[in-house]
Every structure is written in C-alpha cells, then in structure tokens.
Amino acid sequence: MNSGKHAYTENKKERIKHVYKKKERYSPELKLEAVKRALSGESVKVIAHHLDITDPDYIYKWIDQYEMYGEVGLNRKRRNHPQLDKDAIIQELEMENEILKKYLQILKREGKLRNSK
C-alpha cells in the first residue's frame, strides 16, 4: 500500500511540474515539419512525441497559422527587443507585409474587399 501512495505522490509532482513548466519555443523549421507531416495524414500525437513537442495542440495552432499565412506565419514575432539591429527590424517588417498581403488575398477571394487596393 505504501508504494501506491509513493507512486501517487510522484505522479502529482510530475503534474505540478508540467503546469509550472516554462513555455517551450520551437523553431519555424520544426513547426513546418510538424505541419507538413500532419497535413499528410500522420497522427498529431505521434508527431508531437517524435519531435518532443510538449502539447500536440500546438500543432493544430501551427496548421491554422500555416493555412492562413503560409510558411511566414510559422515564424515567431520578435517584439519589444531593443537590441534588434536594423536588418532584423527590416526582416520583421517584410514578414508582416507578407502576412498582410496574404490576408488581403483571402479577403479578395472571399469577396469581402470591394474596390480597394
């Protein structure tokens, strides 16, 4: 009976660690690989396990971003970083422009944008 209590206590500690674990950051390349594998029909849980993604729900979020904005939607936004140099700022702005262009294409396709350029 004692070992059962020990197992319960250890399990509880693991759950608590998971709740307070620092949020993971994943590279755009890893996100893209996960998205492509999921879109090809592979199980999201299996992908998460193989790529060490803590929560399979992240992959669904990345799929939505990918379908909405393409690969550029999988890049992290870097905000509030004063140490960014001009090249990094330019790259971020170019990425945002690409996202906005994709959004305009979607609006035009859905007929929600009339006579606007």
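Reply: Arg-37 pairs with Glu-42 in a salt bridge, and their closest N and O atoms sit 2.8 Å apart. A salt bridge here is a side-chain nitrogen of Lys or Arg within 4 Å of a carboxyl oxygen of Asp or Glu. Before going on: this is a predicted model, so local features need pLDDT of at least 70 and side-chain atom pairs count only at pLDDT 80 or more, while totals for chains, interfaces and linings use all residues. Residues are numbered from 1 along each chain as its sequence is written, and side-chain values use heavy atoms, with hydrogens and water left out.

Back to Arg-37: it also bridges to Glu-33, at 3.2 Å between the closest N and O atoms. That gives a linked network of Glu-33, Arg-37 and Glu-42. Arg-37 and Glu-33 are both in helix 2, four residues apart, or about one turn. Helices are DSSP runs (H or I, at least four residues; strands are E, at least two), numbered from the N terminus. The scale is buried under 20%, exposed over 50% and partly exposed in between, with a 1.4 Å probe and protein chains only.

A search of the whole structure turns up three salt bridges. Another of them joins Lys-101 to Glu-98, at 3.7 Å from N to O. Those two are three residues apart in helix 5, so about one helical turn separates them. Lys-101 is partly exposed at 48%, and Glu-98 is partly exposed at 38%. In general, an α-helix has 3.6 residues a turn, so residues three or four places apart point the same way.

The largest nonpolar core has 15 residues, and Ala-34, Ile-53, Ile-59 and Trp-62 have the most contacts inside it. Such a core is a set of buried Ala, Val, Leu, Ile, Met, Phe, Trp, Tyr and Cys residues joined through side-chain atoms within 4.5 Å. Helix 2 (28-39), helix 3 (44-50) and helix 4 (57-69) each put in at least two residues, and helix 2 gives the most, with five. Leaving out residues up to four places away in sequence, Ala-34 touches Ile-47, Leu-51, Ile-53, Ile-59 and Trp-62; contact means heavy atoms within 4.5 Å.

Helix 4 buries Ile-59, Trp-62 and Ile-63. Viewed down the helix 4 axis, its buried residues fall within an arc of 105°, so they line one face of the helix. That arc is taken from the directions from the helix axis to the C-beta atoms. Helix 2 and helix 3 are among what covers those buried residues. The 13 residues of helix 4 should span 18 Å at 1.5 Å a residue, and the end C-alpha atoms are 19 Å apart, which agrees. The expected span is 1.5 Å times one less than the number of residues. After helix 4 comes Gly-70, with a positive phi near 80°.

Helix 5 (residues 86-109) passes the length check as well: its 24 residues should span 34 Å at 1.5 Å a residue, and the end C-alpha atoms are 35 Å apart, which agrees. Its buried residues include Met-95, Glu-96 and Ile-99, and helix 4 is part of what covers the buried set. Just after helix 5, Gly-111 has a positive phi of about 75°.
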